Amino acid sequence: MLLDTHGRIIEYLRVSITDLCNLRCVYCRPPEGVALVSHNEILRYEEVLRIVRVAGELGIRKIRVTGGEPLVRRGVIDFIARLTALDGIEDVGLTTNGTRLPKLAAELKAAGLTRVNVSLDSLDRESFRRITGFDGLDDVLAGIEAALDAGLDPVKINVVLLAGMNERDVPAFARLTLDRPLEVRFIERMPFGAEWAVNPPNPFSALTALEMIREEVGELYQEERNHLDGPATMYRLDGARGRVGFIDPITGHFCGTCNRLRLTARGTLRPCLLSPSEIDLKTPLRQGADDEELARVFRIAVNAKPVGSAPRKSASTGEGMNFIGG
Ligand code: SAM
(Lines give C-alpha, C1' and ligand atoms only; values in the text may rest on other atoms or scores of the structure.)
Protein backbone atom coordinates (compact mmCIF):
# COMPACT_ATOMS: atom_id res chain seq x y z
CA MET A 1 0.00 0.00 0.00
CA LEU A 2 1.23 3.51 -0.80
CA LEU A 3 0.54 5.86 2.08
CA ASP A 4 1.62 9.49 1.92
CA THR A 5 3.00 11.52 4.81
CA HIS A 6 -0.49 12.94 5.47
CA GLY A 7 -2.14 9.52 5.84
CA ARG A 8 -3.77 9.43 2.40
CA ILE A 9 -3.79 6.10 0.56
CA ILE A 10 -2.47 6.68 -2.95
CA GLU A 11 -4.10 4.20 -5.32
CA TYR A 12 -4.83 6.24 -8.41
CA LEU A 13 -2.37 6.99 -11.22
CA ARG A 14 -3.19 9.28 -14.12
CA VAL A 15 -1.12 8.33 -17.11
CA SER A 16 -0.54 10.81 -19.92
CA ILE A 17 0.46 9.07 -23.13
CA THR A 18 1.00 12.12 -25.34
CA ASP A 19 1.38 15.90 -25.20
CA LEU A 20 -0.29 16.21 -28.59
CA CYS A 21 -3.91 17.15 -29.09
CA ASN A 22 -6.18 17.60 -32.10
CA LEU A 23 -7.97 20.58 -30.49
CA ARG A 24 -6.60 24.00 -29.47
CA CYS A 25 -8.66 24.97 -26.44
CA VAL A 26 -8.02 28.62 -25.62
CA TYR A 27 -7.37 27.96 -21.95
CA CYS A 28 -5.11 24.96 -22.48
CA ARG A 29 -2.86 25.70 -25.45
CA PRO A 30 -1.94 29.07 -26.92
CA PRO A 31 -3.03 29.60 -30.58
CA GLU A 32 0.61 29.92 -31.71
CA GLY A 33 1.09 26.33 -30.57
CA VAL A 34 3.39 24.75 -28.03
CA ALA A 35 6.99 23.63 -28.30
CA LEU A 36 6.96 20.07 -29.56
CA VAL A 37 8.55 17.47 -27.38
CA SER A 38 10.67 15.15 -29.50
CA HIS A 39 9.34 11.67 -30.11
CA ASN A 40 12.16 10.08 -28.14
CA GLU A 41 11.29 12.14 -25.07
CA ILE A 42 7.86 10.51 -24.86
CA LEU A 43 7.61 7.21 -23.01
CA ARG A 44 7.06 4.19 -25.22
CA TYR A 45 4.04 2.02 -24.44
CA GLU A 46 6.38 -0.74 -23.20
CA GLU A 47 7.87 1.71 -20.71
CA VAL A 48 4.50 2.93 -19.50
CA LEU A 49 3.31 -0.66 -19.04
CA ARG A 50 6.37 -1.51 -17.00
CA ILE A 51 5.86 1.54 -14.77
CA VAL A 52 2.19 0.67 -14.25
CA ARG A 53 3.07 -2.94 -13.45
CA VAL A 54 5.46 -1.74 -10.73
CA ALA A 55 2.83 0.75 -9.52
CA GLY A 56 0.28 -2.07 -9.33
CA GLU A 57 2.65 -4.10 -7.18
CA LEU A 58 2.93 -1.09 -4.86
CA GLY A 59 -0.82 -0.64 -4.47
CA ILE A 60 -2.02 1.50 -7.39
CA ARG A 61 -5.46 0.14 -8.34
CA LYS A 62 -6.99 2.73 -10.65
CA ILE A 63 -5.52 4.12 -13.86
CA ARG A 64 -6.82 6.96 -15.96
CA VAL A 65 -5.30 7.37 -19.41
CA THR A 66 -5.09 10.97 -20.53
CA GLY A 67 -2.97 13.45 -22.49
CA GLY A 68 -2.85 15.68 -24.63
CA GLU A 69 -5.49 13.73 -26.48
CA PRO A 70 -4.87 10.03 -25.79
CA LEU A 71 -6.99 8.82 -28.71
CA VAL A 72 -4.68 10.47 -31.25
CA ARG A 73 -1.74 8.25 -30.27
CA ARG A 74 -1.29 5.31 -32.60
CA GLY A 75 -1.78 1.90 -31.02
CA VAL A 76 -3.89 3.19 -28.13
CA ILE A 77 -6.44 0.34 -28.27
CA ASP A 78 -3.80 -2.36 -27.98
CA PHE A 79 -2.09 -0.36 -25.20
CA ILE A 80 -5.35 -0.19 -23.22
CA ALA A 81 -5.94 -3.92 -23.69
CA ARG A 82 -2.50 -4.62 -22.22
CA LEU A 83 -3.04 -2.13 -19.41
CA THR A 84 -6.35 -3.63 -18.34
CA ALA A 85 -4.73 -7.08 -18.28
CA LEU A 86 -2.07 -6.08 -15.72
CA ASP A 87 -2.26 -7.75 -12.30
CA GLY A 88 -3.55 -5.52 -9.54
CA ILE A 89 -5.09 -2.90 -11.85
CA GLU A 90 -8.81 -3.00 -11.12
CA ASP A 91 -10.09 -0.12 -13.14
CA VAL A 92 -8.93 1.69 -16.27
CA GLY A 93 -10.65 4.90 -17.39
CA LEU A 94 -9.94 7.42 -20.09
CA THR A 95 -10.21 11.19 -20.40
CA THR A 96 -10.78 12.37 -23.96
CA ASN A 97 -12.12 15.29 -25.94
CA GLY A 98 -14.50 12.80 -27.55
CA THR A 99 -13.78 13.61 -31.18
CA ARG A 100 -12.49 10.10 -31.95
CA LEU A 101 -15.01 8.23 -29.80
CA PRO A 102 -17.53 7.64 -32.62
CA LYS A 103 -14.89 5.45 -34.24
CA LEU A 104 -13.25 3.98 -31.14
CA ALA A 105 -15.79 3.64 -28.30
CA ALA A 106 -16.74 0.02 -29.04
CA GLU A 107 -13.09 -1.04 -29.48
CA LEU A 108 -12.15 0.67 -26.22
CA LYS A 109 -14.89 -1.21 -24.39
CA ALA A 110 -13.74 -4.48 -25.94
CA ALA A 111 -10.18 -3.67 -24.79
CA GLY A 112 -11.43 -3.60 -21.19
CA LEU A 113 -11.95 0.11 -20.63
CA THR A 114 -14.67 0.68 -18.05
CA ARG A 115 -15.30 4.39 -17.84
CA VAL A 116 -14.83 7.50 -19.93
CA ASN A 117 -14.73 11.21 -19.21
CA VAL A 118 -15.49 13.43 -22.17
CA SER A 119 -14.38 17.05 -22.02
CA LEU A 120 -16.95 19.38 -23.54
CA ASP A 121 -17.32 23.04 -22.66
CA SER A 122 -20.19 24.16 -24.86
CA LEU A 123 -23.30 22.73 -26.53
CA ASP A 124 -23.41 25.60 -28.98
CA ARG A 125 -21.63 24.95 -32.27
CA GLU A 126 -20.18 28.43 -32.63
CA SER A 127 -18.91 28.75 -29.06
CA PHE A 128 -17.48 25.21 -29.24
CA ARG A 129 -15.54 26.39 -32.28
CA ARG A 130 -14.43 29.55 -30.49
CA ILE A 131 -13.20 27.60 -27.46
CA THR A 132 -11.52 24.67 -29.24
CA GLY A 133 -10.53 26.19 -32.59
CA PHE A 134 -12.44 23.46 -34.47
CA ASP A 135 -15.93 22.88 -35.77
CA GLY A 136 -16.26 19.56 -33.98
CA LEU A 137 -19.31 19.68 -31.72
CA ASP A 138 -21.24 17.09 -33.75
CA ASP A 139 -18.35 14.61 -33.50
CA VAL A 140 -18.16 14.98 -29.73
CA LEU A 141 -21.93 14.59 -29.31
CA ALA A 142 -21.81 11.48 -31.50
CA GLY A 143 -18.87 10.29 -29.40
CA ILE A 144 -20.90 10.59 -26.20
CA GLU A 145 -23.72 8.55 -27.78
CA ALA A 146 -21.20 5.96 -28.98
CA ALA A 147 -19.75 5.67 -25.47
CA LEU A 148 -23.23 5.12 -23.96
CA ASP A 149 -24.11 2.60 -26.71
CA ALA A 150 -20.85 0.73 -26.14
CA GLY A 151 -21.77 0.27 -22.47
CA LEU A 152 -18.98 2.40 -21.01
CA ASP A 153 -20.15 3.23 -17.51
CA PRO A 154 -20.13 5.86 -16.22
CA VAL A 155 -19.90 8.35 -19.06
CA LYS A 156 -18.98 11.67 -17.52
CA ILE A 157 -18.90 15.05 -19.21
CA ASN A 158 -16.36 17.52 -17.83
CA VAL A 159 -17.23 21.17 -18.37
CA VAL A 160 -14.63 23.81 -17.47
CA LEU A 161 -16.37 26.99 -16.31
CA LEU A 162 -15.13 29.74 -18.63
CA ALA A 163 -16.20 33.27 -17.75
CA GLY A 164 -17.63 35.09 -20.75
CA MET A 165 -17.65 31.93 -22.85
CA ASN A 166 -20.00 29.25 -21.55
CA GLU A 167 -22.33 30.66 -18.88
CA ARG A 168 -25.32 30.12 -21.17
CA ASP A 169 -24.45 26.44 -21.58
CA VAL A 170 -24.66 25.58 -17.89
CA PRO A 171 -28.45 24.97 -17.69
CA ALA A 172 -28.40 23.06 -21.00
CA PHE A 173 -25.66 20.76 -19.72
CA ALA A 174 -27.65 20.10 -16.54
CA ARG A 175 -30.74 19.26 -18.62
CA LEU A 176 -28.76 16.53 -20.40
CA THR A 177 -28.86 14.53 -17.17
CA LEU A 178 -32.67 14.47 -17.05
CA ASP A 179 -33.15 11.60 -19.48
CA ARG A 180 -29.67 10.17 -19.97
CA PRO A 181 -27.44 8.35 -17.47
CA LEU A 182 -24.72 10.99 -17.80
CA GLU A 183 -22.66 12.62 -15.08
CA VAL A 184 -22.06 16.26 -15.97
CA ARG A 185 -19.37 17.85 -13.84
CA PHE A 186 -18.62 21.56 -13.75
CA ILE A 187 -14.99 22.35 -12.97
CA GLU A 188 -13.50 25.65 -11.94
CA ARG A 189 -10.76 26.77 -14.27
CA MET A 190 -7.32 26.32 -12.77
CA PRO A 191 -4.23 28.52 -13.18
CA PHE A 192 -2.47 26.76 -16.03
CA GLY A 193 -1.43 27.72 -19.51
CA ALA A 194 0.46 30.68 -20.89
CA GLU A 195 -2.71 32.67 -21.39
CA TRP A 196 -3.47 32.64 -17.65
CA ALA A 197 -0.16 34.35 -16.88
CA VAL A 198 -0.93 37.14 -19.35
CA ASN A 199 -4.62 37.48 -18.83
CA PRO A 200 -6.06 35.85 -15.69
CA PRO A 201 -9.78 35.26 -16.23
CA ASN A 202 -12.65 36.48 -14.11
CA PRO A 203 -13.63 33.81 -11.64
CA PHE A 204 -16.60 31.66 -12.58
CA SER A 205 -17.25 29.58 -9.53
CA ALA A 206 -18.88 26.21 -9.13
CA LEU A 207 -21.34 27.83 -6.74
CA THR A 208 -22.42 30.32 -9.43
CA ALA A 209 -23.06 27.40 -11.81
CA LEU A 210 -25.04 25.55 -9.14
CA GLU A 211 -27.22 28.60 -8.50
CA MET A 212 -27.80 29.09 -12.24
CA ILE A 213 -29.08 25.51 -12.49
CA ARG A 214 -31.34 25.91 -9.46
CA GLU A 215 -32.80 29.08 -10.92
CA GLU A 216 -33.21 27.97 -14.53
CA VAL A 217 -33.72 24.20 -14.38
CA GLY A 218 -34.85 23.11 -10.95
CA GLU A 219 -33.85 22.10 -7.44
CA LEU A 220 -30.64 20.05 -7.07
CA TYR A 221 -30.52 17.40 -4.35
CA GLN A 222 -27.12 16.51 -2.92
CA GLU A 223 -26.11 12.86 -3.17
CA GLU A 224 -24.22 10.94 -0.53
CA ARG A 225 -20.45 11.14 -1.02
CA ASN A 226 -18.95 8.13 -2.80
CA HIS A 227 -15.19 7.56 -3.18
CA LEU A 228 -15.72 7.03 -6.93
CA ASP A 229 -16.84 10.65 -7.21
CA GLY A 230 -13.29 11.91 -6.60
CA PRO A 231 -13.19 15.60 -5.79
CA ALA A 232 -16.74 16.25 -7.10
CA THR A 233 -19.75 17.00 -4.94
CA MET A 234 -22.66 15.30 -6.70
CA TYR A 235 -26.31 16.34 -7.02
CA ARG A 236 -29.38 15.12 -8.87
CA LEU A 237 -32.23 17.05 -10.44
CA ASP A 238 -35.65 15.79 -9.44
CA GLY A 239 -36.33 12.48 -11.22
CA ALA A 240 -33.16 12.71 -13.33
CA ARG A 241 -31.42 9.60 -14.66
CA GLY A 242 -28.00 11.21 -14.47
CA ARG A 243 -26.23 13.44 -12.00
CA VAL A 244 -24.65 16.88 -11.87
CA GLY A 245 -21.37 17.51 -10.04
CA PHE A 246 -19.18 20.42 -9.04
CA ILE A 247 -15.41 20.50 -8.62
CA ASP A 248 -14.09 23.62 -6.94
CA PRO A 249 -10.27 23.68 -6.80
CA ILE A 250 -10.26 27.47 -6.64
CA THR A 251 -13.03 28.37 -4.22
CA GLY A 252 -13.28 25.16 -2.22
CA HIS A 253 -11.34 22.38 -0.55
CA PHE A 254 -9.99 20.01 -3.08
CA CYS A 255 -6.82 18.48 -1.70
CA GLY A 256 -7.76 16.73 1.55
CA THR A 257 -8.85 13.49 -0.08
CA CYS A 258 -6.39 13.53 -2.98
CA ASN A 259 -5.38 9.92 -3.71
CA ARG A 260 -3.51 10.37 -6.98
CA LEU A 261 -0.21 10.72 -8.73
CA ARG A 262 0.41 11.73 -12.32
CA LEU A 263 2.79 10.17 -14.81
CA THR A 264 3.55 12.67 -17.57
CA ALA A 265 4.14 11.61 -21.18
CA ARG A 266 7.77 12.70 -20.68
CA GLY A 267 8.24 10.15 -17.94
CA THR A 268 8.12 12.26 -14.80
CA LEU A 269 5.97 11.68 -11.77
CA ARG A 270 4.02 14.71 -10.64
CA PRO A 271 2.94 14.42 -7.00
CA CYS A 272 0.48 17.36 -7.13
CA LEU A 273 -1.44 18.83 -10.05
CA LEU A 274 -1.18 22.31 -8.58
CA SER A 275 2.55 22.29 -7.95
CA PRO A 276 5.18 22.22 -10.73
CA SER A 277 7.58 19.88 -8.94
CA GLU A 278 8.21 16.60 -10.78
CA ILE A 279 10.34 13.54 -10.18
CA ASP A 280 12.23 11.95 -13.06
CA LEU A 281 11.38 8.31 -13.67
CA LYS A 282 12.46 8.07 -17.29
CA THR A 283 16.20 8.50 -16.69
CA PRO A 284 16.52 5.61 -14.21
CA LEU A 285 14.16 3.55 -16.38
CA ARG A 286 16.32 4.07 -19.48
CA GLN A 287 19.53 3.55 -17.52
CA GLY A 288 18.42 0.04 -16.67
CA ALA A 289 16.93 0.47 -13.18
CA ASP A 290 15.39 -2.69 -11.74
CA ASP A 291 11.85 -2.81 -10.39
CA GLU A 292 12.99 -2.12 -6.85
CA GLU A 293 14.70 1.09 -7.97
CA LEU A 294 11.56 2.22 -9.84
CA ALA A 295 9.48 1.45 -6.75
CA ARG A 296 11.83 3.63 -4.72
CA VAL A 297 11.21 6.58 -7.10
CA PHE A 298 7.47 6.01 -6.72
CA ARG A 299 7.76 6.17 -2.95
CA ILE A 300 9.74 9.42 -3.21
CA ALA A 301 6.93 10.92 -5.31
CA VAL A 302 4.29 9.75 -2.84
CA ASN A 303 6.23 11.24 0.05
CA ALA A 304 6.51 14.52 -1.86
CA LYS A 305 2.73 14.98 -2.02
CA PRO A 306 1.92 18.25 -0.24
CA VAL A 307 -1.08 18.29 2.07
CA GLY A 308 -2.63 20.86 -0.24
CA SER A 309 -1.85 23.75 -2.54
CA ALA A 310 -3.24 27.23 -2.91
CA PRO A 311 -3.99 27.55 -6.62
CA ARG A 312 -5.23 31.09 -6.24
CA LYS A 313 -1.77 32.19 -5.19
CA SER A 314 0.33 29.94 -7.38
CA ALA A 315 1.65 31.75 -10.43
CA SER A 316 1.06 29.91 -13.66
CA THR A 317 4.14 28.10 -14.88
CA GLY A 318 2.92 28.67 -18.42
CA GLU A 319 2.43 24.94 -18.89
CA GLY A 320 -0.96 23.86 -20.17
CA MET A 321 -2.76 20.76 -19.01
CA ASN A 322 -1.70 19.03 -22.22
CA PHE A 323 1.87 19.14 -20.87
CA ILE A 324 0.98 18.14 -17.30
CA GLY A 325 -1.49 15.46 -18.35
CA GLY A 326 -5.06 16.46 -17.55
N1 SAM B 1 -7.62 15.69 -24.40
C2 SAM B 1 -8.27 15.10 -23.28
C3 SAM B 1 -9.52 15.85 -22.94
O4 SAM B 1 -9.87 16.80 -23.64
O5 SAM B 1 -10.16 15.48 -21.96
C6 SAM B 1 -7.41 14.91 -22.04
C7 SAM B 1 -6.50 16.00 -21.64
S8 SAM B 1 -7.27 17.52 -21.17
C9 SAM B 1 -5.84 18.48 -20.81
C10 SAM B 1 -7.98 17.07 -19.62
C11 SAM B 1 -8.94 18.03 -19.02
O12 SAM B 1 -8.24 19.12 -18.49
C13 SAM B 1 -9.98 18.58 -19.94
O14 SAM B 1 -11.24 18.32 -19.36
C15 SAM B 1 -9.70 20.05 -19.94
O16 SAM B 1 -10.87 20.80 -20.08
C17 SAM B 1 -9.09 20.22 -18.57
N18 SAM B 1 -8.33 21.45 -18.40
C19 SAM B 1 -7.35 21.93 -19.18
N20 SAM B 1 -6.89 23.11 -18.71
C21 SAM B 1 -7.62 23.38 -17.60
C22 SAM B 1 -7.63 24.43 -16.66
N23 SAM B 1 -6.83 25.48 -16.77
N24 SAM B 1 -8.51 24.36 -15.63
C25 SAM B 1 -9.35 23.31 -15.50
N26 SAM B 1 -9.38 22.28 -16.35
C27 SAM B 1 -8.53 22.31 -17.38
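## Asparagine 259 and its loop

Asparagine 259 touches Ile9, Ile10, Glu11 and Tyr12, leaving out residues up to four places away in sequence (contact means heavy atoms within 4.5 Å). Asparagine 259 sits in the loop between strand S9 (243-247) and strand S10 (260-263). Helices (H or I, at least four residues) and strands (E, at least two) are DSSP runs, numbered from the N terminus. Asparagine 259 is buried, at 18% relative accessible area. Buried means under 20%, exposed over 50%, and partly exposed in between (1.4 Å probe, protein chains only).

## Basis of the model

This is a predicted model: local features need pLDDT of at least 70, side-chain atom pairs count only at pLDDT 80 or more, and totals for chains, interfaces and linings use all residues. Residues are numbered from 1 along each chain as its sequence is written, and side-chain values use heavy atoms, with hydrogens and water left out.

## Nonpolar cores

The largest nonpolar core has 78 residues. Such a core is a set of buried Ala, Val, Leu, Ile, Met, Phe, Trp, Tyr and Cys residues joined through side-chain atoms within 4.5 Å. Leu13, Ile63, Phe186 and Phe246 have the most contacts inside this core. Helix H1 (residues 45-58) gives the largest share, eight residues. A second, separate core of eight residues includes Cys21, Tyr27, Ile131 and Val160.

Beyond its neighbours within four places in sequence, phenylalanine 186 is in contact with residues including Val159, Leu161, Phe173, Ile213 and Phe246. Isoleucine 17 lies in the loop between S1 and H1. Isoleucine 17 is buried, with a relative accessible area of 1%.

## Helix H3

Helix H3 (residues 101-110) buries Leu101, Leu104, Ala105 and Leu108. Seen down the axis of H3, these buried residues fall within an arc of 125°, so they line one face. The arc is that of the directions from the helix axis to the C-beta atoms. An α-helix has 3.6 residues a turn, so residues three or four places apart point the same way.

Cover for the buried residues of H3 includes helix H2 (76-84), strand S3 (91-96), strand S4 (115-119) and helix H5 (137-150). On the other side of H3, Lys103, Ala106 and Ala110 are exposed. Just after H3, glycine 112 takes a positive phi of about 105°.

## Salt bridges

The whole structure holds 22 salt bridges (a side-chain nitrogen of Lys or Arg within 4 Å of a carboxyl oxygen of Asp or Glu). Arginine 53 pairs with aspartate 291, the closest N and O atoms being 3.0 Å apart. This pair links helix H1 to helix H10 (residues 291-303), 238 residues apart. Arginine 53 is partly exposed at 31%, and aspartate 291 is partly exposed at 26%.

Arginine 243 and glutamate 183 meet in a salt bridge (3.1 Å, N to O). Arginine 243 lies in strand S9 and glutamate 183 in strand S6, so the pair ties together parts 60 residues apart in sequence. Arginine 243 is buried at 11%, and glutamate 183 is buried at 12%. Glu183, Glu223, Asp229, Arg236 and Arg243 are linked in a network of salt bridges.

## A cis peptide bond

The peptide bond from aspartate 153 to proline 154 is cis, with omega near 0°. Proline 154 lies in the loop between H5 and strand S5 (155-161).
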